[in-house]
Amino acid sequence: MNPDGGLYIHVPFCHTKCEYCDFYSITLLDQIEDFVEALLREIELRAADFREVTFTTVFFGGGTPSLLSAAQLRRIWEALQANFRIDPQGEFSIESNPGTLDLPKLQAFREAGFNRLSMGVQSFNPQELKFLGRIHSVAEVYNSFENARMAGFSNINIDLMTAFPGITRETFRHSLEAALALESEHISCYTLIFEPGTVFYKRMLRGELSPLGEDEEALYYELAAEVLAKHGYRQYEISNFARGDHVCRHNLIYWKHRPYLGLGPSAHSFWQNTRFGNKRSLSAYVRHLKKGELAEDFRETLSQDDLMFEYIFLSLRLREGLDLEDFHSRFGQPLHTRHQAAIERLLADNLIELTDHHLRLSRSGWMVADAVAEYF
Amino acid sequence: MSMENIRNFCIIAHIDHGKSTLADRLLEATGTLDKRQMQAQVLDSMDLERERGITIKSHAIRMNYKTPEGKSYVFNLVDTPGHVDFSYEVSRSLAAAEGALLLVDAAQGVEAQTISTLYQAIDNDLIIIPVINKIDLPSAEVDSVKHQIMELIGCEEEEIVLASAKNGIGIEEILQAIVERVPPPMGDPNAPLQALIFDSQFDSYRGVISLVKVFNGEIQDGDGITFMITDRDYEVEEVGNLLLKRVRTKKISTGEVGYLICGAKNVRDIKVGDTVTHTKKPAPKPLPGYRQVKPMVFAGIYPVDTQDFENLRVSLEKLVLNDSSLIYEPETSSALGFGFRCGFLGLLHMEIVQERLEREFDQTIIVTTPNVVYKVTTTDGEMHFVDNPSKMPEPGVQEKVEEPLIDAHIITPPEYIGNIMKLTNDKRGILKNTSYIDPSRADLHYHLPLAEVVFDFFDRLKSVTRGYASLDYEFHGYMESKMVKLDIFINGEVLDALSVIVHKEKAYEHGRMICQKLRKLIPRQMFEVVIQAGIGSKIIARESVKALRKNVLAKCYGGDITRKRKLLEKQKEGKKRMKQVGRVEIPQEAFLAVLSADD
């Protein structure tokens, strides 16, 4: 049987760096062509190892993949098709910045084969967009969304950010309602995290910015869940909401411990109990691939314990929870064997629920998923 | 080497004023060490000493110095500990020297620690050579520091040597000043042997290695010797000089400093301050200054994981081989399980023991609130020594409680007297007398409860006097006091490790403070945590830690699951280091929460 998997392409370019973001990206747009060349080499080098995988999802993330030209996207797609087995019924996503989209570009995405568009909107309030360092305007969000529909995208995600300094219940509610009015198929809602190395983190250390704290964060989070649920969005994962069956199949691969291959600088992969990642530097990435070698930064083979722990904390993030039979068949033992005490304790504290087939977080466990995971 | 050509000296300096760097420079300049052998700061040999910049053990090192005129001298640098906890050890090391370099940082000026050691040196009749270090720093204020030193020791400006140990400035002048100003040792080579033990260390191959200064007579390999205070007899196995390593010389003559190995297996057998003499031809009396060192502060030490008790016991056994002042005996706590009640010289000593257990012996431990020893008379007329709050008799059967009192001398510039009065008043001090050493230095004589001093007195004294006041104290006696036992409850269960004995009038304030601190230190858990302080069954303070509200990273991690896993594993590790009391996880720091009163 061919295993299913996901394919991720990291496009490490942005017009400007957002001060909160810690994903790898640079602003030297004149190096895009070098990147594309190197990426094509990496695709060829990886092909042999992943021949038997059927990739059911392809996700272009970043960075800002929408900075790539139609021609560049086409070349990458052709290489992917030529080297990997890609399910024609798959989910093919591209992340975009609403400030980099116009109708011809969106049409080009469709022609290249993308059937899902993710828009990094973050907020519908001009001052907040400015605070977050986003280059796009609220008007551009509306234009881009309309153009995306016109180009034929019937599966669109909107990213929203919450719990950042300066946000209020009113402004957040406004963003949620504006997003709802667009009737996108999917909404992701992330809280701001002050990640080491970002400008926001330094500003926090200097005392210019302070995190809202867990009580406030919780309120924003619950507000999002409540408003979105009311409008028919199902919270199928901690940060992700979908209408109907428009869940993000690619991200589900991460949470369900399925294999994936990441290409491009800083991209991570998971394959045959091994996790590996590429160097977080475009120049190193390009240098290695020019020499015809992979640009891996690390590789670790997970122990059975690591694998179990990952499986548990990842699947707990899902509304459906952990599939007990799947766990048993993967690890050759039921979850209870190892974790009877933790399960009893968490049940007694009403933090988890146990059904015939699943173990999942309860309503009150949902907000403290990480603390629950630490019991395992 | 004739006694005329021997110079024994020490260096008095505040932390970070450059003592170790200067010592290294002197060793280099005298050719005792070449550059290849230099490891920064040779003298502080424990990692802990290097890191903290505090000398805990005394050391000695011998150097040969040839003057520009070609005369040869032997220098013995005696390095002394630098903290009030070790003031007795300091006084013994100082007794081994005839002179002292007073090293003052050109940017920082004179500080309290320097002053108290300096006065001890002056009391021991040491000749002081003032040195201003780091004169090449941009922030150096050489003139003002000169002024301070002149006021402090009443010297002339010309006597002050200007130096930068880091950059080798003034080193030759210092060496010459040692030759010219430090007097040679005195003593009678023909008199019966009198040698002072000023520190001992344990070596796993040789047993106890003691540092000695010979005051009269001489000591040789094979001599039958008697320790005059402990009245123990040994035979000398080996004596010699301390260079970078021990160099066996078979003999140490009058005025010299060296090491002595005599087959003792435990540092407790050889007391600092004892006098060595020949068994066959004993000196009429020991050298003056010996004191029995008694622990002043007691605290419980427990393994975080109760299974590690046996490891902790073995570690303590090894640790005391090299620390004769630490005493310990097993005890049990309902919250913490099996552990040890330990006696320390003071709070710094306690911290050092804690750090050594953690670093040298890899023990994960909890240290409970330190306390002093109370004398409690019960209604049946019996007297109890209470060195642990859990042993405090119930209030109903107490006839009277007495607490230890110290005789404290605080020496300070007069402008800080007001601040000191406020502090000592807060600490239940009774002013006995005020005198003036000179117009710029007052000597305040206090009776203070020791319990108040072990908390945070020294730090607060330094802060209210900008570091200018120095403190010296000794045990005075017991005084009747209204003391009560204050218990801390976590979700209704008493946490005996946090129980303290406090003065009745301070119990409310103290209970409130501990509760507030615990509230900040105990992380939010899956349920609300209620913290209470009470005397007997009466609750006097309450705080609560709200239940966890949100603990989940709502972030798009992409495929970087490794990072997420490591983050969770780190948090799991952190949890393991916490102590489980009932269902509540309490971090180690919480057990020290009561140590410092402010912040």
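In chain A, 70% of the contacts (heavy atoms within 4.5 Å) with a separation of 6 or more are between residues 24 or more positions apart. This is a predicted model, where local features need pLDDT of at least 70, side-chain atom pairs count only at pLDDT 80 or more, and totals for chains, interfaces and linings use all residues. Residues are numbered from 1 along each chain as its sequence is written, chains are lettered from A and ligands numbered from 1 in the order written, and side-chain values use heavy atoms, without hydrogens and water.

Biologist: What percentage of the residues in chain A is buried?

Modeller: Buried means under 20% relative accessible area with a 1.4 Å probe, counting protein chains only. Chain A has 376 residues, and the buried share is 58%.

Biologist: Is strand E23(B) largely enclosed or open?

Modeller: Strands are DSSP runs of E with at least two residues, numbered from the N terminus. E23(B) covers residues 398-412, and eleven of its 15 residues are buried, so the rest of the structure leaves it largely enclosed.

Biologist: Which residue of E26(B) stands opposite Ile411(B)?

Modeller: Two strands pair if DSSP finds at least two bridges between them. E23(B) and E26(B), residues 470-480, pair antiparallel over ten bridges. Opposite Ile411(B) stands Ser470(B).

Biologist: And in E25(B), which residue is the bridge partner of Thr412(B)?

Modeller: E25(B), residues 441-449, runs antiparallel to E23(B), with eight bridges joining them. The partner of Thr412(B) there is Ala442(B).

Biologist: Which residue in E23(B) does Val376(B) stand opposite?

Modeller: E21(B), residues 374-378, pairs with E23(B) in the antiparallel sense over four bridges. Val376(B) stands opposite Val401(B).

Terms used. Buried means under 20% relative accessible area, exposed over 50%, partly exposed in between (1.4 Å probe, protein chains only).
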